[in-house]
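Subject: Structure handover

Hello,

Here is the structure I promised to pass on. My notes on its sheet and its salt bridges follow below.

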Amino acid sequence: MKTITNEIVIDASPSAVYSACVDIERWPRIFPTVLSTSREEVGEDEIVMTMSVANDFGTNTVRSRRRYTPSRERIDFEMLTLPPQIGSMTGTWVVEPSGHGSRLLITHTFDVPPQLEGDAREEALSRVGATIFGTTEHVLSCLAASLERR
């Protein structure tokens, strides 16, 4: 398993950043890689999100369970279906005050498919980690641009 963390400071209030993070219906208008989203409410502050994406992993439909903690402006997620390059993934989105704006930290803890072993496993972890990091950097820059235009 490997953990990757991305962060960005956004010139917007923590509540505005958190609101954009949980409003998944807006994501196709914010993120060019997101083709569509849908949600299924499964509990108080908990959803299963289905999202079609086109990114460096190809065009895929992924599903995740997302647990919201509005009082802490935190989202915990567990991926239920993933692109074939990734074996498992969990993580968090955390919004914190930062100066006159907000800092958003996204952490992904992931593994590659279990059939990979030895050097092939290490190479795949490195390659997948670099792709997740780059994709998340792009997402964060799109989110910041969207919120800072307002």
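A salt bridge here is a side-chain nitrogen of Lys or Arg within 4 Å of a carboxyl oxygen of Asp or Glu. Please keep in mind that this is a predicted model.

The sheet

Seven strands form an open sheet. Their order is β1-β7-β6-β5-β4-β3-β2, and the pairing is antiparallel. β1 (2-10) and β2 (34-43) are the edge strands. Each has a single partner strand, so one side of each has no neighbour in the sheet. From one strand to the next, the twist averages 20 degrees.

β4 pairs with strand β5 (residues 74-81) over seven bridges, in the antiparallel sense. Within that pairing, arginine 67 has aspartate 76 in β5 as its bridge partner.

Helix α1 (residues 14-22) packs on the sheet. Helix α1 touches β1, β2, β4, β5, β6 (88-98) and β7. Its direction makes about 155 degrees with that of β6. Helix α3 lies across β1, β3, β6 and β7. It runs at about 15 degrees to β1.

The salt bridges

How many salt bridges does a search of the whole structure find? The search finds nine. Here are some of them.

Glutamate 46 and arginine 67 meet through their side chains, at 3.7 Å from N to O. This pair links distant parts of the chain, 21 residues apart. Glutamate 46 is in strand β3 (residues 46-55), and arginine 67 is in strand β4 (residues 58-69). Glutamate 46 counts as buried because its relative accessibility is 17%, and buried means under 20%. Arginine 67 is partly exposed, with a relative accessible area of 34%.

Arginine 121 and aspartate 111 also form a salt bridge, at 2.8 Å from N to O. Arginine 121 lies in helix α3 (residues 118-149) and aspartate 111 in strand β7 (residues 101-111), so the pair ties together parts that are ten residues apart in sequence. Aspartate 111 is buried, at 15% relative accessible area.

Aspartate 23 forms a salt bridge with arginine 26. Their closest N and O atoms are 3.9 Å apart. Arginine 26 is buried, at 14%.

Finally, a network of salt bridges links Glu7, Glu96 and Arg103.

Best wishes

How values were computed:
Residues numbered from 1 in each chain as written. Predicted model: local features only at pLDDT ≥ 70, side-chain atom pairs only at ≥ 80, totals over all residues. Heavy atoms only, no water. Buried < 20%, exposed > 50% of the residue type's maximum accessible area, 1.4 Å probe, protein only. Helix = DSSP H or I, 4+ residues; strand = E, 2+ residues; numbered from the N terminus. Pairing = 2+ DSSP bridges. Axes fitted to C-alpha atoms, helices over the stretch in contact; angles between N-to-C directions. Contact = heavy atoms within 4.5 Å.
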